[in-house]
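Open your viewer and keep the selection tool at hand. This tour goes from one selection to the next.

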Amino acid sequence: YKITELANNYKDIYFAEKQVSFYNDTTDPSSPSYSTSKFDIVKIAEDYIYKKYPDLDIVNVGIVNNENSLSYIAVFYHVLNNIPIINSRIAISVDGETGKITNEEISVVENIKNVEKNEILNVDKEARIKKLVDDINSVAEQLELSKNKLKYEDVVIDKDYNKNFIFLKNIPFTTDSTLHAQLIYNCVEEKDNTLSAKLQWQLKFYSSYLYYTVRYGINDGKVISVKKNKNNYRFIKYNSPGDNEGREWEITSAANPEIKNASPYGWNKIGNITYNVPFGNNVKMYDDYKARNTFTEIFDESNFNFDFDINKDYTNHDEINRNFAITNTFYMINILHDIYFNLGFDVEAGNFQDINYTNEGKGNDSVIVLNYNFPSDDSNLSNIQKKYKKYVENYVVNSMAFTTPEDGQHPVLYMLNIDYATHNHGLIHEYTHGVVERYRQKAHITGDCFSGNEAYAINEGLSEFFAITSDAHGEIQQSIYDRLEFFAGALSDALFLICGKDRNIDTHFKCDENLLQEFKNMKKNELPYNVHLYQIVLNASSHFKCHPTYTDWRDAIFNEVDTHPVVRNNRYFKCLLWISFANRGFGSNAKEEYTRISYPENGIKFEQYENNFDIPDFCMKYRSVLDNNRMEIEEYTYEKVYERQLHDNFK
Ligand SMILES: [Zn+2]
């Protein structure tokens, strides 16, 4: 594409550094006195600017106010002919309690020799937008975005139109049909070192899911520059887990995909340092354990980019696909950090971050991803590489694994080969192991608690529950029964019963499949019910015993339900959960009535519960849900699982 080609050759040519005056004056805070109790922050700031810089032309663009602070920042642009100069900024901080100025930051342009003029400066709103539409058509033609002409009548102007920002809808060639336009002055240095202010449109929009900033010279009638947003990531959507062979992948791109309350400074920053490699506060990726290299050769500093194409015939020998795969892992672990943060796994709960930004929890424990970067078949490896690969397989990892040391130490996600980097289901599964393990540690449940058949299956079931139910198109997978992940089945049944997914049961509870939002900023009783269920399941892992039995874990979950501020009095919610267990033969009377069978000849010991389909008396009025549902679910009961397992073991 033309637009991509131009963006790749983008050079930052505007705004000569030496012409910028930057003041940061906090020495003598002074402000006019205001006797009114409610302050007009903009007025205070304006008065202050006009008094101190009488020749400066400005326009207010808004007030920034931090929720937890009484400090307000009024932000202005430096203007020429009422048009803002791009990259200028005047920010005046005002104490909301006293009305006093507490800080000023002034970045303006001085000594401008030539200021471009155009008829557009004098016309009314309608004429200005007509000119904008013509110029957008010219941009679309020059960048080969569309052959269809945009008509003024078809365009929808957002009702928030003002002279600084114009938001347009109904644009046929942008990914989301919108475009953000701004008339600006752009100050550039001429050959004789003088400064000229050029009148330009600054257009921001998505094209093929990538976010661009295009500047168009109004007098020249030409595209001046095309810039691609540096924080574009291309990845497989977290809710289309698929597998490592590209089955049902939904590939997408996004600029700044982080969830703001969980990663307020983005994913590529640690403190004040921005990293142009897959490195940040939540995750660091390495390709060699010994040398501790990052993927720096791939993610070149001067060409910062997380936006790699993927070749359809996926092979991990392909460099482009390798880069895409690494970016995908970086995306996934970061987005899982942000999602789990909003489900309650925050700094206080001991989450994985280098800097915690609060006094809670211990920092310095971002997730280290060690991807050994081997191809999945050996044909291109040298003999020495083959030996090393064998060594890693034998002594480190033969697929994927997650280790979780105590709070304040880095967890490590090991990956044998690059295929695992695109295995979103596996990444969710592994990360969940880390979360559950950290909950156990924080609850001071000590010991190697998930060894042994039942405890092991519970732990795997937890991870599978989150991996399976993250799939927006996923149905209950019968295969999980083969792996003894009984609770993954029961809990995903519960989630689908509660949220009505792919089942003909009316959805009584409000659910929200989109986990990419700031649930932590919502009130408890406003949270969707899938979030309630996820939190209940996570919290349960902070109070079951070491080496839990199925009964222990089921009791821990109902204990959470009974003390939950929203669902504790909700009989229907509780009964759907009981029904989900009963459905699989682990009904309310299944407790402790099991026989143990051991097979000393192969060292494997199995416990066996007898099927029990009972539900508590208070749930009897919902019995039909169970009965109807049992008709739909194939009767893979608990007992059958073991029959199959036993059968397999005798083979
Ligand atoms: Zn696992």
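**Before you select**

This is a predicted model, in which local features need pLDDT of at least 70 and side-chain atom pairs count only at pLDDT 80 or more, while totals for chains, interfaces and linings use all residues. Residues are numbered from 1 along each chain as its sequence is written, and side-chain values use heavy atoms, with hydrogens and water left out.

**Whole chain**

Colour by secondary structure. The protein chain has 13 helices and 23 strands. These are DSSP runs numbered from the N terminus: helices are H or I with at least four residues, strands are E with at least two. Of the 651 residues, 53% are buried (under 20% relative accessible area with a 1.4 Å probe, protein chains only; exposed is over 50%, partly exposed lies in between). Now the contacts (heavy atoms within 4.5 Å). Among those with a separation of 6 or more, 62% join residues 24 or more positions apart.

**Helix 7 and helix 9**

Select residues 453–469 for helix 7 and 529–540 for helix 9. Two packed helices are described by the angle between their axes and the distance between the axes. Here the axes come within 11 Å and cross at roughly 165°. Helix 7 is therefore roughly antiparallel to helix 9. Axes are lines fitted to C-alpha atoms, for helices over the stretch in contact, and angles run from 0 to 180 degrees between N-to-C directions. Angles over 145 degrees count as roughly antiparallel, under 35 as roughly parallel, 65 to 115 as roughly perpendicular and the rest as oblique.

Show side chains next. Leu462, Phe465, Phe466 and Thr469 of helix 7 meet Leu533, Tyr534, Val537 and Leu538 of helix 9. By class, this contact has seven nonpolar residues, one polar and no charged. Nonpolar covers Ala, Val, Leu, Ile, Met, Phe, Trp, Tyr, Cys and Pro; charged covers Asp, Glu, Lys and Arg; the others, Gly among them, are polar.

**Val436**

Move to helix 6, residues 424–442, and pick Val436. Val436 is buried, at 1% relative accessible area. Leaving out residues up to four places away in sequence, Val436 touches Phe450, Asn459, Leu462 and Ser541. Draw a C-alpha to C-alpha distance from Val436 to Val537: 9.7 Å, across 101 residues of sequence.

**Aromatic pairs**

The whole structure holds 25 aromatic pairs. Rings of Phe, Tyr and Trp (its six-membered ring) pair if their centres lie within 6.5 Å; planes under 30 degrees apart are stacked, over 60 edge-to-face, the rest tilted.

Select Trp267 and Tyr331. They pair edge-to-face, 5.7 Å centre to centre with 65° between the planes. Trp267 sits in the loop between strand 15 (251–255) and strand 16 (269–270), and Tyr331 in helix 4 (residues 319–342), so the pair ties together parts 64 residues apart in sequence. Trp267 is buried at 2%, and Tyr331 is buried at 3%.

Which pair comes next, with ring centres 5.9 Å apart and planes at 70°? Phe558 and Phe581, also edge-to-face. Phe558 is in helix 10 (residues 550–563) and Phe581 in helix 11 (residues 571–583), 23 residues apart. Phe581 is buried at 0%; Phe558 is buried at 6%.

Finally, select a cluster linked by ring pairs: Tyr340, Phe345, Phe352, Phe402, Tyr431, Tyr439, Phe465, Phe466 and Tyr534. Phe465 and Phe466 are on helix 7, and Tyr534 is on helix 9.
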